Amino acid sequence: MESLLRRGGTVRVLDDLSTGRRENLAALAGPRCELIEGSVRDLRLFREAMEGCGRVFHLAASVGVALITARPAECLRNNLEGTQNLFDAVTAQRHPPRVMLFSSSEVYGKSSRVPLREDEELVLGPTSVPRWSYASAKIVGEFQALAAHRARGLPVTVVRCFNTCGPRQLSAYGMVLPRFLEQALRGQRLTVYGDGRQTRCFSDVADVVEQVLLLEGHPAAAGEVFNVGNDEEISILELARLIVEISGSRSEVVNVPYPSGYGPQFEDVPRRVPDLTKLRAYLGNTPETDLRTLIERTLRGHRADPARAAGAAAPPV
């Protein structure tokens, strides 16, 4: 949103603020930025919010492994209904807007063919594991987007994000990087689930925004699916140790069993690394902040946040 405003755009935000904070928008208040507080499950409100919009960036979803495993039915309904309402509202427009649909790396599920390509087969686990409900909802959303493009020529692009991070991200819903930072700053133990050898890639939100806006302006990107983010791989155990080092914390890094954080029915993924070949083919070299710089930037944001600095409790999951 900040990037759109800096580029001279007028922005309307529809958000129920369930995983965000109104304070994040306070500095952006003005005639070119309107906040409508409400849910994307409200089709009437969704249609009203979309009136006059030439571009739509659909990020609304229940997110975070902790939240998904704790409330799978609610999250599934939010994600499915929100995306369905998006396409109902878009296709009702006389001149449909450009749509950027945010999906997730979770759609790759347990695929072991790393790095993960956009045309890779998607391998999910059993329905008894709540985690895979999120991936399933995102996959349905992708099918809807591509079907609308084929049937109606809707200019929609799907972007699959890989652990997007930044200074204002909350840890309350299972996001590991801000959780580690908050634990380190409070002198608490950094809790690594499992043996910590599972690997992930972490992307700076500013880089992801730039990549998405470049794709949004690329005519040939309509009807396509793209991995976006960064492909610098690190194990979760190494991430915890790196955060301790960068923050100067004396916190201990400890391993804890998965059930203590996610319940007995949980499956993790050993490796999740994006193949960014397609993104680079369309856009050339795009911003990719290295992990150390991302951690340092996010750490400064945490230290400048009064609520975090005071050790305020995160919202309950």
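Predicted model: local features only at pLDDT ≥ 70, side-chain atom pairs only at ≥ 80, totals over all residues.

Q: Why is Val205 called partly exposed?

A: Val205, which has its place in helix H8 (residues 205-216), has a relative accessibility of 31%; partly exposed covers the range between the 20% limit for buried and the 50% limit for exposed, so Val205 belongs in that class.

Q: Why is Glu106 called buried?

A: The relative accessible area of Glu106 is 9%, and buried means under 20%, so the label applies to Glu106. Glu106 is found in the loop between strand E4 (98-104) and helix H6 (131-152), and, not counting residues up to four places away in sequence, Glu106 touches Leu124, Arg131, Trp132, Tyr134, Ala135 and Arg272.

Q: How do you know that E7 and E12 pair?

A: Pairing requires at least two bridges between two strands, and 4 bridges join strand E7 (residues 190-193) to E12, so the two strands, which run parallel, count as paired. Within this pairing, Leu190 stands opposite Val253 in E12.

Q: What makes the lining of the largest cavity divide into 4 nonpolar, 5 polar and 1 charged?

A: The lining consists of His58, Ala60, Asn79, Thr83, Leu101, Phe102, Ser103, Ala137, Lys138 and Gly141. Lys counts as charged, Ala, Leu and Phe count as nonpolar, and Gly is among the polar residues, so Lys138 is the 1 charged residue. Helix H5 (72-91), E4 and H6 each supply at least two residues of this lining, and the cavity has a volume of about 70 Å³.

Q: Which residues touch the most other members of the largest nonpolar core?

A: Of the 22 residues in this core, Leu177, Phe180, Phe202, Leu239, Ile243, Leu291 and Ile295 touch the most other members. Helix H7 (176-185), E7, helix H9 (236-247) and helix H12 (291-304) each supply at least two residues of the core, and its largest share, 8 residues, comes from H9.

Terms used. Residues numbered from 1 in each chain as written. Heavy atoms only, no water. Buried < 20%, exposed > 50% of the residue type's maximum accessible area, 1.4 Å probe, protein only. Contact = heavy atoms within 4.5 Å. 1 Å grid on protein atoms, 1.4 Å probe; cavity = no way out; pocket = protein on both sides within 12 Å on 5 of 7 lines; lining within 4 Å. Points joined across faces, edges and corners; volume = space filled by probe spheres on them. Core = buried A, V, L, I, M, F, W, Y, C linked by side-chain atoms within 4.5 Å.
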